[in-house]
Amino acid sequence: MKRLVGNAVFTALLGMATLGASAGTSLAQAATVRDDVPSTYVVVRGDTLWDISGRFLREPWLWPEVWRANPQIKNPHLIYPGDRISLYYENGEPRLRLERGQGGVVKLSPKIRKIPKREAVPPIPLEKISAFLKDHRVVDPDLLENAPYVVAGDDTRLISGAGDTVYARGQWPAYDTFSIYRTGQRYLDPVTQEFLGLEMISIGDVQLERREGDIGVMHVVSANREILNGDLLLPADGGAISTSFQPQPPVEVSGGEILAAPDGLRNIGRNDIVALNRGSRDGVEPGFVFGVERQGETITDPKTGEPITLPGEEGGLLMVFRIYDKVSYALVMRAERPLSVGDKLLEPHG
């Protein structure tokens, strides 16, 4: 197996990390070229940088291990459909180069820049993550104590939608634009039973038109679900997704498991989103990549008749994209078999 070691070029593909940021990270693994590595690959619409990297590397998250700066080339890290990525060797070491659709050839460089959504290949499926973040957040219940809440729709309707008027009651802050939320899962640590946070599900957005005492008259700007009495008004989350992830193995994060599948999935697969019982207080950062150990099956011993649990096995990879204090959300990047709530977090392996 050929190895890409030291400061090889490949990480430039992503434009998602910096050499300085990776210098303090001790990586236990060296990135390796796949056995079936192609000599060239033509980028197509729908590719992500993770997918492209995975065609060349066994460990796509180890980009910071295999790049080389090439500052004389302007913006070579942006990858577009139609570009050709090719493998070659220089002084016995593997290199990658990008052949632009117009015919130019540049060596790949790892400079960080924001990737234009509609043009360059995104690092991961950003549309899916952005849609999820619009609909989900995690809060401390203290935030909800004095939050205004819907008491009625126009003509005292119980269900309202976009364009309707709704009435809300509560202690009103200085601003007049709100998002409507409904409470979801209560996240409890499966081992300690510590309360980790409350999942909030976005219902829509409203604008305060006027107030009379503690009653506010709201115009429903948008709604992705029916608005019900009792739904809560909170400031919009405002958490835009960054396109400049730095995929890397977790640093000093011990234990952890899949806490929940916010969409209620039982069999979790590639591109599904999961909640983890580790957050910023545990040292988790956006871009951390975890392996997952699937829980071993419980069977009946054929001789003694007692139930026994088989050893777990590696089942996939997750990449963290949103961090809260005690909880984080991650995207499943690979799943050999369906994953489940309760599966353990590991150091990632190829």
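These legends go with a set of close-up views of a predicted model.

In this prediction, local features need pLDDT of at least 70 and side-chain atom pairs count only at pLDDT 80 or more, while totals for chains, interfaces and linings use all residues. Residues are numbered from 1 along each chain as its sequence is written, and side-chain values use heavy atoms, with hydrogens and water left out.

**View 1**
Of its 13 lining residues, R34, W50, G54, P60 and R334 sit closest to the centre. (A pocket here is an open set of points on a 1 Å grid over the protein atoms alone, where a 1.4 Å probe fits and protein lies on both sides within 12 Å along at least five of seven lines; lining residues have an atom within 4 Å of a point. Points are joined across faces, edges and corners, and the volume is the space filled by probe spheres set on them.) Rolling a probe the size of a water molecule over the atoms shows where empty space is left. (Helices, H or I with at least four residues, and strands, E with at least two, are DSSP runs numbered from the N terminus.) Sorted by class, the lining has 5 nonpolar, 2 polar and 6 charged residues. (Nonpolar covers Ala, Val, Leu, Ile, Met, Phe, Trp, Tyr, Cys and Pro; charged covers Asp, Glu, Lys and Arg; the others, Gly among them, count as polar.)

**View 2. Helix α2, mostly under cover.**
Of the 8 residues in α2, 6 are buried. They are L49, W50, I52, S53, G54 and F56. (Buried means under 20% relative accessible area, exposed over 50%, and partly exposed in between, with a 1.4 Å probe and protein chains only.) Two of these names, W50 and G54, also turn up among the residues closest to the centre of the second largest pocket.

**View 3. A salt-bridge network of E194, R281, D282 and K326.**
Side chains of opposite charge can pair when their charged atoms come close. Here the E194 and K326 side chains meet at 3.5 Å, N to O. That pair spans 132 residues of chain, with E194 in the loop between β9 (177–188) and β10 (195–212) and K326 in the loop between β19 and β20. (A salt bridge is a side-chain nitrogen of Lys or Arg within 4 Å of a carboxyl oxygen of Asp or Glu.) E194 counts as partly exposed because its relative accessibility is 27%, and K326 does too, at 22%. D282 bridges to R281, with the closest N and O atoms 4.0 Å apart. D282 is partly exposed at 24%, and R281 is partly exposed at 44%. A search of the whole structure turns up 13 salt bridges.

**View 4. R294 and E313, a bridge between two strands.**
These side chains meet in a salt bridge at 3.1 Å, N to O. R294 belongs to β16 (residues 289–294) and E313 to β19, 19 residues apart. R294 is buried because its relative accessibility is 18%, whereas E313 is partly exposed at 34%.

**View 5. A nonpolar surface patch made by I299, I308 and L310.**
The patch comes to about 200 Å². (Patch residues have over 30% relative accessible area and no salt bridge; like charges are joined within 9 Å, and nonpolar side chains, meaning Val, Leu, Ile, Met, Phe, Trp and Tyr, within 5 Å. Areas come from the Shrake-Rupley method with a 1.4 Å probe, and for residues only the protein chains shown count as cover.) L310 sits in the loop between β18 (307–309) and β19 (313–323), and it is partly exposed at 37%.

**View 6. Two positive phi values, at Q193 and N271.**
Most residues other than glycine have a negative phi. Q193 has a phi near 65°, and N271 has one of about 70°. Q193 lies in the loop between β9 and β10 and is partly exposed at 48%. N271 lies in the loop between β14 (258–260) and β15 (273–276) and is partly exposed at 22%.

**View 7. I129 with N271, and P348 with W61.**
I129 and N271 are 142 residues apart in sequence, but 9.2 Å apart in space, C-alpha to C-alpha. I129 belongs to helix α3 (residues 126–135) and is buried at 0% relative accessibility. P348 and W61 are 287 residues apart in sequence and 8.8 Å apart in space, C-alpha to C-alpha. P348 falls in the segment after β21 (344–346), and P348 is buried at 0%.
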